[in-house]
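Colleague: Hey, could you walk me through this one? I'm new to it.

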Amino acid sequence: MSLMAEPSAEGRFGEFGGRFVPETLVPACQELEAAFDDAWSDPVFRAELDHLLRTYAGRPSMLTECKNLGGKLGIRLVLKREDLNHTGSHKINNVLGQALLAKRMGKKRLVAETGAGQHGVASATAAALMGMECKVYMGAVDVARQELNVFRMKLLGSEVEAVHSGSRTLKDAVNEAMRDWVATVETSHYCLGSVMGPHPYPFMVRQFHRVIGDEARAQSIEMLGDVPDVVVACVGGGSNALGIFSGFVDDRSRLVGVEPAGGAAVTRAQPGVVHGMRSYLMQDEYGQVQEAHSISAGLDYPGVGPEHSYLASIGRAEYPNVNDAEVIDAFQLLARTEGIIPALECAHALAWIVRAAPEMQGQTVLMNLSGRGDKDVGQMMDVLGRE
Amino acid sequence: MSEFGVLEASFRAKRAEGRKLLVPYITGGLAGWQDTVRAAAAAGADAIEIGIPFSDPVMDGPVIQQASQMALEGGATPVSILQEVRELDVQIPLAVMLYYNTVHHAGHERFAAQLASAGIAACIVPDLPLEEAGPWCLAADAAGVETVMLAAPTAADERLPRVCARSRGFVYSVGLLGVTGERATLASTAVSLARRLKAVTDVPVLVGVGVSNADQAREACAVADGVVMGASVVRRILEGGADAAGEFIAEVRAGLDRG
């Protein structure tokens with residue numbers, strides 16, 4: 001059986017996952033679980049989703065070999081180009097799946113949280129396409145540093161609400177989206193943007209993203225003649241990482257999920273319960289959830305999806321972390337050597353590759369370039385100066 | 001010894017006398033919070049629900065969020081609040097309302113023992129639904145702490161008896177679809193869910209979430225055995241301190257006693 005099979009009936013991956021939600025939401029989670037299982041095994045649904053992925057999102061995304069940078073680092077570096085999807089990141093895979101599912105369930109409204117704004121933009125896009133109403137919650141700090149994405153969501157017809165509670169970032173946007181869902185559960189679908197939350201979200205979102213790994217495996221074998229030695233992705237909640245890991249988890253490939261130093265939940269390895277799941281969580285000595293800090297809004301999350309905690313606990317994947325300075329260097333490095341501006345989130349994965357390259361000489365390294373950096377250009381202009 | 005815990009035995013006895021039960025929610029750790037508990041007890045509360053603040057209170061609206069954040073910024077912790085509970089000299093049962101990570105982080109047995117030794121009768125954990133509640137409930141049962149389960153308007157008929165069977169102290173009948181906070185009118189779900197619960201259990205049924213004033217409390221108690229009042233109490237604490245909260249609770253008490 002695959003190491004990334006279905007979770008238990010209780011929604012557990014090992015000791016992680018579950019469904020820690022208010023009673024009000026239990027029936028909705030059960031209904032969603034049944035609807036997803038039904039849809040996922042329905043060839044008509046799968047064909048409809050596949051059609052959208054090909055004709056709307058732009059799948060399959062290609063592999064690009066980075067000969068300049070790879071040569072410099074002494075490795076064979078290949079990028080999975082999720083940045084070239086419609087809306088600029090991998091997030092569209094999950095959102096198209098969930099929006100189709102919501103429609104099938106008769107829901108007319110999507111609720112979403114967003115950090116960097118990529119999931120919010122993807123949700124707004126799917127809502128526009130399918131004629132649904134959409135409300136996106138975004139931490140006030142992130143609204144300020146990702147104003148382009150805020151306006152993009154509004155252009156697409158969605159309402160964006162800035163969240164001023166707590167740390168005013170992704171964690172608090174999730175809280176507010178859950179509060180909305182508690183009040184509107186009969187008509188709204190919570191379009192959660194990562195492999196986190198109560199069962200079935202971690203499993204469902206991973207399944208919607210496994211297309212990344214399935215494509216990448218076939219493409220790697222065609223391009224490299226084998227699966228890569230190392231597969232690398234950044235991890236906030238961890239959806240792009242689980243998407244690409246799912247293609248290689250039963251192969252010999254080394255799996256590396258890179259967290260920001262200020263949000264290294266897996267490194268601390270302390271289980272906690274928030275946002276409906278039991279997983280590794282940054283918390284103080286009384287169980288208060290701590291604030292994550294990183295240069296990238298999309299990774300500013302103090303927890304991680306439960307399946308990552310599981311893969312870490314059994315030793316199948318490893319989760320190093322990198323600091324903001326390394327990320328800023330990597331961001332510029334990819335731009336200058338390959339002509340590709342990565343999202344700051346993905347620059348975390350590249351920063352680790354740069355650091356670990358001396359120990360990977362001659363190896364093949366596949367990195368999930370999960371999003372493009374256009375959204376980060378304004379922020380980097382402030383960091384680097386306009387000259 | 002009664003087959004029921006301290007809270008449930010007290011509630012059943014008062015219900016038998018025809019009294020409607022009033023449980024104010026008071027955020028623990030706010031400056032002067034112990035005075036508010038004393039004022040509430042003097043104003044005719046039948047039990048107090050002490051909120052142990054959490055960083056991410058997903059079932060709470062803006063008022064209780066704000067109070068929680070103020071308490072946390074003031075340095076409140078579960079340990080400091082339980083220590084302060086020991087100094088309370090009120091003669092009514094005390095319950096705590098907290099989020100599950102507070103329990104999970106401390107460990108079930110250890111936390112249940114801490115509650116029991118502080119004299120806490122019961123515990124309400126709004127993000128711990130029936131399917132996940134087993135291990136905590138066993139630890140709480142063993143320590144003599146009653147775990148109050150919540151029942152929601154979205155629950156199917158078959159779920160309600162199972163929720164009630166696992167509930168100790170009382171059944172918390174969630175009044176509406178949404179988070180804590182005051183509303184202009186009592187939601188129709190408040191009465192309809194209480195009625196559905198009363199039909200399947202003899203455990204006391206208290207309506208909470210969205211019960212905002214004396215009139216709404218009376219309306220809910222036409223069917224329910226009592227009410228839990230949170231945001232309306234906490235707003236008065238934030239605006240006028242213990243005295244303002246006490247006056248409000250006395251007003252609700254009078255309304256309930258008028259029948």
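Predicted model: local features only at pLDDT ≥ 70, side-chain atom pairs only at ≥ 80, totals over all residues.

Colleague: Okay, strand 2 of chain B then: which residues point which way?

Modeller: I48(B) and I50(B) point one way from strand 2 (residues 48–51) of chain B, while E49(B) and G51(B) point the other way. All of them are buried.

Colleague: Switching to helix 2 of chain B: how many of its residues are buried?

Modeller: Seven of its 10, so helix 2 (residues 33–42) of chain B is mostly covered. Among the buried ones are W33(B), T36(B) and V37(B).

Colleague: What covers the buried residues of that helix?

Modeller: The cover includes strand 1, strand 2, helix 4 (78–85) and helix 11 (231–258) of chain B. Just after helix 2 of chain B, G44(B) has a positive phi of about 105 degrees.

Colleague: Last topic: at what angle do helix 6 and helix 7 of chain B cross?

Modeller: Roughly 40 degrees, and their axes come within 9 Å. Helix 6 of chain B and helix 7 of chain B are therefore oblique to each other, and the crossing is right-handed.

Colleague: Which residues meet there?

Modeller: Helix 6 of chain B brings residues including H108(B), E109(B) and L115(B), and helix 7 of chain B brings residues including P135(B) and W136(B). The residues of this contact split into 10 nonpolar, one polar and one charged.

How values were computed
Residues numbered from 1 in each chain as written. Chains lettered and ligands numbered in written order. Axes fitted to C-alpha atoms, helices over the stretch in contact; angles between N-to-C directions. Helix = DSSP H or I, 4+ residues; strand = E, 2+ residues; numbered from the N terminus. Parallel < 35°, antiparallel > 145°, perpendicular 65-115°, else oblique. Left-handed = near helix turned anticlockwise from the far one by under 90°. Contact = placed C-beta atoms within 7 Å. Nonpolar A, V, L, I, M, F, W, Y, C, P; charged D, E, K, R; others polar. Buried ≥ 20, exposed ≤ 12 C-beta atoms within 10 Å, placed from the backbone.
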